[in-house]
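Thanks for making the time this morning.

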Amino acid sequence: MKVSDTGSAFACLVDEEGNVYWSMGTDYVSGLVTEFGLEGADVVKLNVGPEQQQPQQAGVSHAAAGWAELENGYFTTGEWEDVEGAPEFAAEDGSITWRMNEDGTIQPAGEDMSEPGAAINPGKYSYVDGDITWEVMIAGNGNCSVTEINAADQAEQEPQEEQERSTYFNTPAPRTVVKSVGPVPAWYDERKQEIDELAKQAYADWQDQILEMVDVDALNNTLKGMGLDYATELNDDIMAAFKTWVKIWNEDAVAGAINIGISTAGYRMVGPSIWNEMDNTVLANYKSMDHEGCPGPTTSTFIAAYAKAQYGKVIDAATDDYMGSTMNDVYSAHVGSFIRGLMDDEDGNYVYQVAQDLWEAGCIPFFDGEYWYLVSGPDFDPDGNPAVKVIYSATPAELLAD
């Protein structure tokens, strides 16, 4: 567990009588001392979190020289480490063609690829063949691994007894650990086990509240199925969402204002650590499918080329920074959609839902102060290199004219 001067994801104070002080939205010990007006000598300051353990290795991993997506929901994994030991459904060179199933499993396709499969995204997938489970990990950077797990070996990996679990973002944590921050009073050392148990219970209660406030399943699955390998076609629904976002953005009319407002509200509800964890989860899911040309602040060269060709406009460094701020507005609005009640209207609907709709459609809006650009992709340039595609652009007046 990481411990710093500012605390970790969960911090609490415990006094000599066994009272525990913690607050949703305040996850640093220094903040708790201020919030509850407690003197440092009256309480012990504790950080609680999952104990970091090395994951057990199950099965035998067979190196594979990358993977490639085929058509219609099929993909192939590269050469087997030992061709002679490859499964019977592998090709002569050890490569395997897999079909993606709708339920998230895969199966060997052989030469028959007549039945279309499901959409393919980087991740871990499995195929059960009798007593053997094949786990295939395909990454956004083109790497992959194929692991062979025997049922007997898999059984050995099961815990012998029920262990403590962490529900923090649905990530299993085998055990919970308590660490003190700064000097500790003598009474803490005398009753450490008892007080640590009180802190662990507070940690469990805090997690329960997180799960009530955060749509964890939606968070973990965010961007799954997002079309990052092609440019989304502009349609009436996407155009309507784009216009709605521009209208919302115009109410603030300052690049980065929505981003700051949502982040501040998120801090107050779940705390900076949780907000940052959510932000990093979305970013990691996005980056797992990222490659050069994905929509984002680094796409200025592609948008700049479009702006130059379409409008004769030169996007300089300052304009690029401004556009990055407008992109962060819609990004933070997307992340904020996973906190229930963060910014709801009188009917209980998230006021920035349209931002999530655009992200899930594979579209990100940018504004350069003069023109709005709706960017999607990546598409590919004439040389076959990844490149974003501007699927619509206009001035605010033109966009909202009707």
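This is a predicted model: local features need pLDDT of at least 70, side-chain atom pairs count only at pLDDT 80 or more; totals for chains, interfaces and linings use all residues.

Let me start with a question: is Tyr-371 buried or exposed? Tyr-371 is buried, with a relative accessible area of 12%, where buried means under 20%, exposed over 50% and partly exposed in between, using a 1.4 Å probe and protein chains only. Residues are numbered from 1 along each chain as its sequence is written, and side-chain values use heavy atoms, with hydrogens and water left out.

Rings of Phe, Tyr and Trp (its six-membered ring) pair if their centres lie within 6.5 Å, and planes under 30 degrees apart count as stacked, over 60 as edge-to-face and the rest as tilted. By this rule the count comes to 22 aromatic pairs. One of them is stacked, namely Tyr-311 with Tyr-371, at 3.7 Å centre to centre and 15° between the planes. Tyr-311 lies in helix H9 (residues 300-311) and Tyr-371 in the loop between strands E13 (363-367) and E14 (372-380), so the pair ties together parts that are 60 residues apart in sequence; helices (H or I, at least four residues) and strands (E, at least two) are DSSP runs, numbered from the N terminus. Tyr-311, for its part, is partly exposed, with a relative accessible area of 25%.

Phe-242, Trp-249, Tyr-322, Phe-367, Trp-372 and Tyr-392 form one aromatic cluster.

Finally, a backbone detail: Asn-72, in the loop between strand E5 (67-69) and strand E6 (74-77), has a positive phi of about 60° although it is not a glycine.
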